[in-house]
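Please give a short report on this structure for someone who has not seen it before.

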Amino acid sequence: MAQACQRRDWSAHSIVCKPVQQNFHKLEDNKSPFETKNVDVKDERDCPLGVTKEKALGADKIMFSDLRSLQLSKTMEIKGAVTEFKHPSDFYVQLYSSEVLECMNQLSASLKETYANKVHEEDYIPVKGEVCVAKYTVDQTWNRVLIQDVDVLQKKAQVLYIDYGNEEVIPVNSIHQLNRNIDLFPPCAIKCFVANVIPAEGSWSNDCITTIKSLLMEQFCCVKIVDIFSEEVVTFAVDVMLTSSGKLLDHVLIEMGYGLKPKGQNSKKQSADSSDLEDVGKMTAENKIVVDRSDLIPKVLTLNVGDEFCGVVAHIQTPEDFFCQQLQSGHKLAELQASLSKYCGQVSPRSDFYPTIGDVCCAQFSEDGQWYRASVLAYASEESVLIGYVDYGNFEILSLTRLCPITPKLLELPMQAIKCVLAGVKPSLGIWTPEAICLMKNIVQNKMMTVKVVDKLENSSLVELIDRSVTPHISVTRVLIDTGFAVGNKGVVADKPGDVKETDVPLGVEAKVSPLEWTWVELAVDETVDVVVCMMYSPGEFYCHVLKEDALKKLSDLNKLLADYCQQKLPNDFKAEIGQPCCAFFVGDGNWYRALVKEILPTGNIKVRFVDYGNTEEVAADELQMIPSEFLELPFQGVQCWLAVTQPRNRHWTKEAIARFQACVAGKKLQARVVEISENGVGTELTDLSTSYPRIIDDVLIDEHLTLKASSPHKDLANNIPVNKHDLQIDAPGLQAISSAEQWRTIELPVNKTVQASVLEIVNPNLFYALPNEVAEQEKLCVLTAELLEYCNAQKSRSAYRPKIGDACCAKYTKDDFWYRAVVLGTSDADVKVLYADYGNIETLPLCRVQPIPASHLQLPFQIIKCSFEGLMELNGSCSQLMIELLKNFMLDQNVMLSVKGVIKNVHIVLVEKCSENGTVNIADKLVMYGLAKNITSKNQSALNKEKMNRVNCCCTELQKQVEKHEQILLFLLNNPTNQNKFIEMKKLLKS
């Protein structure tokens, strides 16, 4: 009764009851927060209050009171991470210090060593208050537990993981007695409740728990101990400082309307917020906003199966996730927008408005500055939220300063956005491609559609969309199926998500085993390497080994170790999944090799690709084994390639072309220049240096009329199919084999279009980055930002990631701590210079603020563009530092006019002009005028010809002719190294 009394109004009882604190002493300056010696419990007084003395129950049992005590006292400030959160009056903080980390490491090692092969003692029954050892069911690691209750009949026990704070009911036979040889460290997590605040509604609401949990769970924070209560587990009343905002958690709870100050409390530190209590639940009187949240629940449009209405599609995520509006409500929606603008224009901005997740409020849309009704979906940070516009369906992340409370009157009109799923279709590739979504948008954009409800799902309506403005009528479902983006789906009821029970995981322990990770050999565009072809199907598909850094020796050593491992015939429970790495048996030589599962056949056999050689084989299920992670450390060696400068004469490679190509490359060391990189691998130019003169393999095939010269590198690649994770790992080893520099693409501007843009970074005249002043796709960028925030924050293990120049990555912007897409401009041992690819900012970050970016987040093109000067050639074939400095003076961080003359491999060939006091200045002409470059455009070619005509009378005319002849001969040799009649042609050139 005394404990319950204390907890109900702890601030009063902290004065009256004076809780006993005999085990909590003031920490001396140089002492660890742990006691430095074991305590032998000889007397009841040595036990912390509330822990029963259990020594008599068993001489070998270790009770909670036997553990060393934490030396924590009032006013002490500590740092830690919240590892378990039930509500603001019940959560656990794991202490953060070198001593605690050392303790955790020692405990983990000791428990693993002691209990790895230990058999349970059948007659052992734990008792309440005993400290034991048990495996955590999620990750199967050994941890210390406090027995809270034992059900002898059911043979189960309620336990508390004392170093993390989470609880579990587990079988008694999975609990082991704590060995006395293991050091009796204090619990590493302390039980806490927030001081100076009580629930506003008598108990903490679900909204409150969800919101505060998202701010605290697994986050580091500063905790100040206000008081200490001796219960079964010692509990601490604490002030929690949120590190990112510097605010106290009790203040935030009060400001958000979840909590109140205890009655009669006169704490000085909260006196400054006395006005908050008066404002809790209150809004401006003139607008008559009331406290009762039931008045602020928006109405929902009710639809029934069979309903049909004329409407518009307001927002599309995918064909299975879009929003419609009824046209008949259009005038009401317009009146609502006018009322919202008037109301929000009169309401003073409030810095203390913290809406609850699920609340509806007024939100100021970032694109047009207008106010709309919105629902709060999640807190992105303490100062920003993810909101969804309830009348339109789109969403974005907004600062809290762009929100204001809403009135019941503004909620009279039901929410106009109707969440829909298109009936009768499912994606043909398993996911909706950007092309499918774009096609649907083109069909429904700015059109009145007939919407028919064919079924009701859990949170949405299954509908048919038909455009009846044309004859014959257009069905969106039929168009998606006919174009191959979708297949028919007769089942109209979608899968409904089941209830998922969240399991609490101790800090630092992952909830599930991490998937295997692997890489491919890294190459880059324009890199030249020595290779040998290890597998050949055609000039359009062959596989190479890169001959550098003893790679083949390392592969040979790995194959021997892999063979030894697989021949041990260990228990094998491997279940093949597409895209999964494994060990596979190759019948050709009876050895085991690394492979990726490519296809599971109806017969039960599996098609695999041997990743170090490129061949694809069919194997039986028992010819596969699970591969240990250590065998994946060496990058996969078989790089998928094609000849970039040639293509088949018809649609397919002829037998003659394949045979000739094989004769040119078989068993030879070749030089490969990387021309292009795509989802299908690496486009190369192969040169044979073993002959008397270099032979370019492409030219051999073309000269012998076996193939044609490709107009542009490998245009026949299926670029309209999105690449998911498995595609990258199976069908595109070349893409994994290089840096991510070639995985990303920018927007492409139309040829002959002139735009204003800001020049962001200049590498050389052939590559500089710019950002057009008109940035599109704002809505998609907001969605992407929210997805990146969720993805990057979910990455628990931050392995050492060292991006390369030109790589795409996720970067955490210092001004708002949000994650954005970025391009790496430079690297050092500790820092990386990045360009934010959708916004143009540039900054240097520590390596801990960059992460690898998944391919799914590269599908939306970057908003920056890559540019190259049209027709500008550097003197002597190289770019001088002076030229780069002049370019920076002319263009960097300045607005220029870019006229697009062409787009080659996602690089815009541009004419750059800049406005000055004397008119428009052509930047390329400036460089030519200064003698730093020459212009080779057709426009200037005539001027050069005229200049040659004027030099006829020069005394060096004859010498000039000789030089020109030799230039022609050199060009001829370079362009025709394999031409058999080259000497005859050279004689003709000399005689001319």
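## Helix H15

In H15, the buried residues are Leu-781, Cys-782, Val-783, Leu-784, Thr-785, Ala-786, Leu-788, Leu-789 and Cys-792. Buried means under 20% relative accessible area, exposed means over 50%, and partly exposed is in between, with a 1.4 Å probe and protein chains only. The model is predicted: local features need pLDDT of at least 70, side-chain atom pairs count only at pLDDT 80 or more, and totals for chains, interfaces and linings use all residues. Residues are numbered from 1 along each chain as its sequence is written, and side-chain values use heavy atoms, with hydrogens and water left out.

H15 covers residues 778–794 and has 17 residues. From first C-alpha to last it reaches 24 Å, close to the 24 Å expected at 1.5 Å a residue. The expected span is 1.5 Å times one less than the number of residues. Helices (H or I, at least four residues) and strands (E, at least two) are DSSP runs, numbered from the N terminus.

What do the buried residues of H15 pack against? They pack against strands E13 (308–318), E17 (384–389), E18 (395–399), E41 (808–812), E42 (819–827) and E45 (850–852). Contact means heavy atoms within 4.5 Å.

Ser-384 lies in strand E17. Ser-384 is buried, at 6% relative accessible area. Leaving aside neighbours within four places in sequence, Ser-384 is in contact with Tyr-379, Ile-397, Leu-398, Ser-399, Leu-400 and Phe-818.

## Helix H3

H3 has 18 residues and reaches 26 Å from its first C-alpha to its last, close to the 26 Å expected. Its buried residues are Val-100, Cys-103, Met-104, Leu-107, Leu-111 and Tyr-115. Seen down the axis of H3, these fall within an arc of 100°, so they line one face of the helix. The arc is that of the directions from the helix axis to the C-beta atoms. The face turned away from the buried side of H3 carries the exposed residues Ser-98, Asn-105, Lys-112 and Glu-113. On the buried side, H3 packs against strands E2 (90–95), E3, E4 (142–151) and E7 (175–177).

Leu-101 is also found in H3. Leu-101 is partly exposed, at 43% relative accessible area. Together with Tyr-96 and Phe-220, Leu-101 forms a nonpolar patch on the surface, with about 320 Å² of accessible area. Such patches join nonpolar side chains (Val, Leu, Ile, Met, Phe, Trp, Tyr) within 5 Å, from residues with over 30% relative accessible area and no salt bridge. Areas come from the Shrake-Rupley method with a 1.4 Å probe.

## Salt bridges

Side chains of opposite charge can pair when their charged atoms come close. A salt bridge is a side-chain nitrogen of Lys or Arg within 4 Å of a carboxyl oxygen of Asp or Glu. How many does a search of the whole structure find? It finds 26 salt bridges. Three are listed here.

| Pair | N to O distance |
|---|---|
| Lys-61 and Glu-130 | 3.4 Å |
| Arg-468 and Glu-308 | 3.2 Å |
| Arg-695 and Asp-688 | 3.8 Å |

Lys-61 and Glu-130 meet in a salt bridge. This pair links distant parts of the chain, 69 residues apart. Lys-61 counts as buried at 10% relative accessibility. Glu-130 is buried at 0%.

Arg-468 and Glu-308 meet in another salt bridge. Arg-468 lies in the loop between strands E23 (461–467) and E24 (474–475) and Glu-308 in strand E13, so the pair ties together parts 160 residues apart in sequence. Arg-468 is partly exposed at 41%. Glu-308 is partly exposed at 44%.

Arg-695 and Asp-688 are buried.

Technical notes: Patch = residues over 30% accessible without salt bridge, like charges linked within 9 Å, V, L, I, M, F, W, Y side chains within 5 Å.
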